[in-house]
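Thanks for asking me to look this one over.

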Amino acid sequence: MAITGSGSLAISLSVFVISAAFLHKGAAEIVTVEGQNLGTDNVSVVEGEMATISCRVKNNDDSVIQLLNPNRQTIYFKDVRPLKDSRFQLVNFSDNELRVSLSNVSLSDEGRYVCQLYTDPPQEAYADITVLVPPGSPIIETREDVVSEGNETELTCTAMGSKPAASIRWMKGEEELTGETTIEETYDRMFTVTSRVRFSVTKEDDGVPVDCIIDHPAAKDLWAQRNLEVLYKPEVKIVVTYPEGLTREGDNLDLTCIAEGKPHPHQINWLRVDEDVPPHAVVTGSDLYIENLNKSYNGTYRCVASNAVGEAYDDYVLFVYDAPTTSPTPTTNPVNTQDSRAGEGAQQKIDHAVIGGVVAVVMFAILCALIILGRYFARHKGTYFTHEAKGADDAADADTAIINAEGGHNNTDEKKEYYI
């Protein structure tokens, strides 16, 4: 429908008169006429975006629909826009709907908009436009950039210029923290939210991220992060470089002290608890070397490391065993003296059993040899005296007896002897 000149002015005046007639109604409830009703919806929109207001009628009998702003100014009368604000645009007009869009919404556009239907009696419905303003990027501040283990640290997160007020959550790694929140309302109906969180730190917190997470209906994935920097005293561990098994007399011992801390340990010392370190022990940085071990070196050797936060130590207990006479039983723990002694005792028992068996066999063999030799010598001795006696039976003198014993005697009554 086209309206120009005086016709347009007449319609504007009539709209103003009709609108004025409803000023006294204020925030009236929706009036329902039999067979007809008027409805609309509240709208929430982020500042700078577009809002759409829809005035809907069921079973319209050709009654006129118009839309008013919070100041009761007519935005649209049917499909005509008397208000000189080009941000309002007609989206749809029919007997059953008047739909209008408002682009580039600002805080000044917030309020109650009125849908009117000219019936008898007239009907009104209200659409509240709420403008949401997201906060600016959150800012995290710390009381100190670096904190030592065991001390308390404080972090502050601020979300400025939001509507409504934002809420703030804290996360330290996978752990949720509870903060203290304050809300301040500014002159332009905006809000600034500040949250503070305090907690004690440990060395495990070094490098752990702390997140400030903003929850707001007009913002998504809005957060800030700060990584903790924690100083902690050294962690010390002694490693046996040599030998791999038991420490025995005559062996060499090589120990390495591994120390890690923040800041890195500036000093590493070796000492022997309650005694002096052997005079020929060599300390090179974090290494301790002792050659040609003997049992006088037994004791507890300690590595002490220190930094600006504090100091820590680790101990190694040295126990020197006898030099091996047989192949030693391998072991992986030179400090576990109880297990080592048990293994050595078992080996000694086995060795003694073997030696006893060998000695028994040798003694038995010697005894058998003596018996055999005794019988042999006894046997030959008896034969000699028999032959000598045989020659002397018929001889007149000794010379003749010797000659007869050698076989020169021809006596027919020869004597015979047998040994069993």
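**Notes on the model**

1. Leu67 stands opposite Cys115 in E8. Strands here are DSSP runs of E with at least two residues, helices are runs of H or I with at least four residues, and both are numbered from the N terminus. Four bridges join E4 to E8, and the two strands run antiparallel; strands count as paired if DSSP finds at least two bridges between them.

2. A word on the basis of all this: the model is predicted, local features need pLDDT of at least 70, side-chain atom pairs count only at pLDDT 80 or more, and totals for chains, interfaces and linings use all residues. Residues are numbered from 1 along each chain as its sequence is written, and side-chain values use heavy atoms, with hydrogens and water left out.

3. E4 has another antiparallel partner in E5, joined to it by three bridges. Leu68 has Thr74 as its bridge partner in E5. The two strands form a hairpin with five residues between them, and Arg72 in the turn has a positive phi of about 65 degrees.

4. Which way do the residues of E4 point? Ile65 and Leu67 point one way, Gln66 and Leu68 point the other way, and all are buried. Buried means under 20% relative accessible area, exposed means over 50%, and partly exposed lies in between (1.4 Å probe, protein chains only). In a regular strand the side chains alternate between the two faces of the sheet.

5. Leu67 also belongs to the largest nonpolar core, which has 27 residues; Leu67, Ile75, Phe88, Leu98, Tyr113 and Ile129 touch the most other members. Strands E2 (43-46), E3 (51-58), E4 (65-68), E5 (74-77), E7 (97-102), E8 (111-117) and E9 (123-132) each supply at least two residues of this core. Such a core is a set of buried Ala, Val, Leu, Ile, Met, Phe, Trp, Tyr and Cys residues joined through side-chain atoms within 4.5 Å. Apart from this core lies another, of 21 residues, including Leu177, Val193, Val197 and Phe199.

6. What does Ile129 touch, leaving aside its neighbours within four places in sequence? Ile129 is in contact (heavy atoms within 4.5 Å) with Val43, Val45, Ala51, Ile53, Asp109, Glu110, Gly111 and Tyr113.

7. Four strands make an open sheet in the order E1-E3-E7-E6, with antiparallel pairing. E1 (37-39) and E6 (88-94) stand at the edges with a single partner strand each, so one side of each is left without a neighbour in the sheet. E6 and E7 are joined by six bridges, and Phe93 has Leu98 in E7 as its bridge partner.

8. Another open sheet has five strands in the order E11-E19-E20-E23-E22, this time with mixed pairing. Its edges are E11 (147-148) and E22 (282-284), each with a single partner strand, so one side of each lacks a neighbour in the sheet. E11 pairs with E19 (residues 230-242) in the parallel sense over two bridges, and Ser148 has Leu231 in E19 as its bridge partner.

9. For the whole protein, the secondary structure comes to three helices and 25 strands. Buried residues make up 33% of the 420 residues. Among contacts with a separation of 6 or more, 62% are between residues 24 or more positions apart.

10. UniProt, in an unreviewed entry, places the feature "transmembrane region" at residues 353-373; such annotations may be inferred rather than shown by experiment. Over residues 353-373 the chain is 100% helix and 0% strand, with the end C-alpha atoms 31 Å apart.
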